[in-house]
Amino acid sequence: MTLVLFLGVLLLGILIGIPVAFSLLLSAMVLMAYLDLFSADILAQALVNGVDSFPLLAIPFFLIAGEVMASGGLARRIVTLASSLLGHRKGGLGYVVIFTSVLLAGLSGSAVADAAALSSMLFPMMAKANYPHGRSAGLLASGGIIAPVIPPSLPLILIGVAGNISIAKLFVAGLVPGLMMGVVLVVVWSLLVRKEDLPVQEPASGAERFDALKGAFFALLLPVIIIGGIRTGIFTPTEAAVVAAVYAIFISSVIYREMTWRSLYEVLVRASRATGMVMFLVGCAMVAAWVVTVAQIPQQLVLLLGPLVDNPRLLMAVIMLIVFFVGMVMDLGPSVLILAPLFMPVIKEAGIEPVYFGVMFIINASIGLITPPVGNVLNVVCGVSSVSMTEAVKGVYPFVLAYLALLAVFVAFPNVIIIPMQLLIG
Amino acid sequence: MMSSFDRFLHLFWRSIDTLMAFLLAMMVVLVFANVVLRYGFSSGIRSSVELSRLGFVWIVMLGAAVTLRHGEHLSINDVAEALLPKLVPFFRRVSGIVILVSVSMLFWGSTKQVLANWNNISQLTGLPKSLLYVPASFSGLLMGLITLRQLLSLDTTKQRESDS
Amino acid sequence: ATRLKFAHPAPDTDLSHKMALQFAEQVKTGTNGSVVVDVFPNGQLGTDEQMIDGVRSGIISFTLVGLNNFSGMLPASGSFSLPFMFPDRATAYKVLDGAPGQSVAADMEEFGMKSMGFPDNGYRNITNNRGPIRVPADLSGLRMRVNNSKALNDLFQALDANPQQIPVAELYTALETGVVDAQDHPIWVVEAFKFFEVQKYLSLSQHAYSALALVMNLESFESLTADEKTVLVQAAADAVAFQREGNEAAEEKQIEFLISEGMEVNRDVDSAAFQEASKPVWDKFIEDNGSDMIDAIQEASK
Ligand code: NA
Ligand code: NA
């Protein structure tokens, strides 16, 4: 009942055009009133505390890095290189996006931060090359959610602690399915671009490629610095975002001399505004999550699972459905904290490998980040690229379907995840 | 011609932009300096994490108000426009009222926290915890005024339409 | 029935959660169901600070978090977690249940909270990847994650370590990649947050005692009937006793587990040398916050 009320109000609000952030607050307020705990304190505290998060600082930092790269000459040089290498292929920039997503996923632990970085750097290039906006946004968002699956990953740590699962094992187990998500994107993208009318260039000559490589040297050094810095423990993934921003500012102002104080100021203002929009929405989602938790809606769902413990695959399938539907309306963090501990006893009783379950949960809840109505990664991409929600949803759905198919494969054949994990752990 | 009130508003929003840019620059410097100090000089800035979190909350709250002023909060408008075009003005008013109620609650709840936390002093920064809620309270107020203005101008547009 | 929310940060496998459930059960039976407590583990309703805000404003009724979280409001309460304040747990319990603890409880009421007792969070111990910590010099040059306590930051700075602020959520990765080499926490945290997977050495330095605080929203306590109040106070006292006993007993098992997971445990720590090094930290604390609470603690420790 409470679930229906919450979802009904949320969807109604969004469909009549109330901004998503305020639709979330509306559904939270209605649920509060229904539970007889209507209070401004809940709204204010959950919102402010939802925003007060150090790891999410990576968002404005990556936004700065992306904006500086776009306006300071780095991005242009990367596009030149990418198109000299992949320009003769249809949809070449799309493959650049996917490759970069997987690379970034190995560095950063936050899908929202990754999506901000990816879309602020790559969307302008795709738009310039006449890629359809909605499809580009969809691909960028889908690439962003590989981050929580490939280590390092804040959500995997979260589920390790909340569900008492080895984080080291979760990290190892996330690697293969994360890479498979990248492969799935390549397949879907190559099918999609077949129908699109995208510009294809003559293959570049060896000399052109070498020049492009030389020109992009400093831009290519950025991922090297970031990977090296994180792997050798010079900085944390959150700090890496600030290093990226400082590096981009340094290269474009001191080396390329394509950035002025004026344009730096404008970058800071734009990054602040985008941060405000995206993070306010995150805060409102936290208000809704707080009220949903107090209403004990997830517990109502889990109670229904008891009879399924004799059939682990069916149980897993049903749990995955629940996680998917919860993920449609709730952010990744809260759904892990609330659902994972509830599922753990059932998982153990059914004899399902906890590490496998943890990875599956995170993949699934990450997909929730790109599904409407509440998809924080989708929101970030929309915010950064100024693509409308509707367009982005249309653009993202083929990727969501493909990810769900992959998830179904993992449910049917758990060994696809478990065997590589055992091989890697030794 | 800009009235002096419009000029004031223009200046006001420009200074909000400048404040956000300044805070963001400060966060970059703090977090980056901490990395350099830790790795290069075996030292660090104790307050860097808390201060940058504080700056972050300020930017988000101010940025949310700027976003609202420009009507740029994410929303899905085409469904209503396609299915029930006649009701769109009504929906817009409903939306305004929902926003007004939510930001009033944000204002009220945050102001209470501001008052409750003046004597709650962080050990590492020496700053009261109230500062975390000040921007939420301020932003709630700003968003309330913006929404009121938009709701009233909805009424005047309607008036003008029926006059003509 | 009155429904009250009890929120805490520990995983539902932790003793804190069992304690909360026991408390809830006892309240329910004791009041014949007129007061019902719903428990929300795992930080579902927010971080420690957020839950304290929640209890103060009444959107949450109970929380169970480290006493150190209250030092922003009650600076003198920082005295309890000063380095080497308590030689053993028995003394800590005596002081927390005695006059000094009651004075903290009285101060909490100014901030809208009713103190329901101080369960045990254990002593803080150091883990790192370089080697066992036996003498203060073993800390020299270690990049060490330290919480937001000023005294502990001062202590590790004085010991020539390099104290760093890293949010707990990012600590596992920071230890794994080597952003920091060391951290200090009670032993159950090393187990629950899986730090043993990325840390080699555990040294039982026991350099600071940490108590938990079970607090309730004052208004919702006052709104109960006299009988209900009695039941709640008794249930809290029983829960605290249960938790303290269980936590002490669990610690040795946790250490055994950490050893079985490959950690090297070092019990040979030169406490006297560390205590000597912590004197300036005490002086600085007294300079900032006065010595009244410290004197009261030492008086009650006798
Ligand atoms: Na990652
Ligand atoms: Na979603």
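This is a predicted model: local features need pLDDT of at least 70, side-chain atom pairs count only at pLDDT 80 or more; totals for chains, interfaces and linings use all residues.
**Figure 1. The cis peptide bond between Pro372(A) and Pro373(A).** The bond that joins Pro372(A) and Pro373(A) is cis, with an omega of about 0°, and Pro373(A) is found in the loop between α18 and α19 of chain A.

**Figure 2. The backbone at Asp36(A), a residue with positive phi.** Although Asp36(A) is not a glycine, its phi is positive, at about 65°. Asp36(A) lies in the loop between α2 (20-34) and α3 of chain A. Most residues other than glycine have a negative phi.

**Figure 3. The interface of chain B and chain A.** Here 57 residues from chain B and 54 residues from chain A take part in the contact, and the area buried between the two chains is about 5,000 Å², of which carbon and sulfur atoms give 77%. Phe56(B), Leu74(B) and Met105(B) supply 16% of the area that chain B buries against chain A, more than any other three residues. Across this interface of chain B and chain A there are 6 residue pairs in polar contact, both partners being at pLDDT 80 or more. On the side of chain B that touches chain A, at least two residues come from each of α1 (4-41), α2 (48-69), α3 (78-83), α4 (88-116) and α5 (130-163) of chain B. By class, that side of chain B divides into 36 nonpolar, 14 polar and 7 charged residues.

**Figure 4. Salt bridges between chain A and chain B.** The interface of chain B and chain A holds 4 salt bridges, and the count over all chains comes to 22. One of the pairs joins Asp52(A) to Arg53(B), with the closest N and O atoms 2.7 Å apart. This pair crosses between chains, from Asp52(A) in the loop between α3 (40-51) and α4 (58-71) of chain A to Arg53(B) in helix α2 of chain B. Arg273(A) forms a salt bridge with Asp17(B), where the closest N and O atoms are 2.8 Å apart.

**Figure 5. The interface of chain C and chain A.** In this view 31 residues of chain C are in contact with 36 residues of chain A, and the area buried between these chains is about 2,700 Å², of which carbon and sulfur atoms give 59%. Within chain C, Gln44(C), Ile59(C) and Glu170(C) lose the most area to chain A, together 20% of what that side buries. The interface of chain C and chain A has 0 salt bridges, but 5 residue pairs are in polar contact, both partners being at pLDDT 80 or more. Each of β2 (35-40), α2 (48-57) and α6 (168-177) of chain C supplies at least two residues of the side that touches chain A, and the largest share, 7 residues, comes from α6(C). This side of chain C has 13 nonpolar, 10 polar and 8 charged residues.

Terms used. Residues are numbered from 1 along each chain as its sequence is written. Chains are lettered from A and ligands numbered from 1 in the order in which they are written. Side-chain values use heavy atoms; hydrogens and water are left out. Contact means heavy atoms within 4.5 Å. Buried area is the accessible area (1.4 Å probe) that two parts lose on being put together, summed over both. A salt bridge is a side-chain nitrogen of Lys or Arg within 4 Å of a carboxyl oxygen of Asp or Glu. A polar contact is a pair of N or O atoms within 3.5 Å; within protein, one must be able to donate a hydrogen and the other to accept it, and residues adjacent in sequence count only if both atoms are side-chain atoms. Helices (H or I, at least four residues) and strands (E, at least two) are DSSP runs, numbered from the N terminus. Ala, Val, Leu, Ile, Met, Phe, Trp, Tyr, Cys and Pro count as nonpolar, Asp, Glu, Lys and Arg as charged, and the others, Gly among them, as polar.
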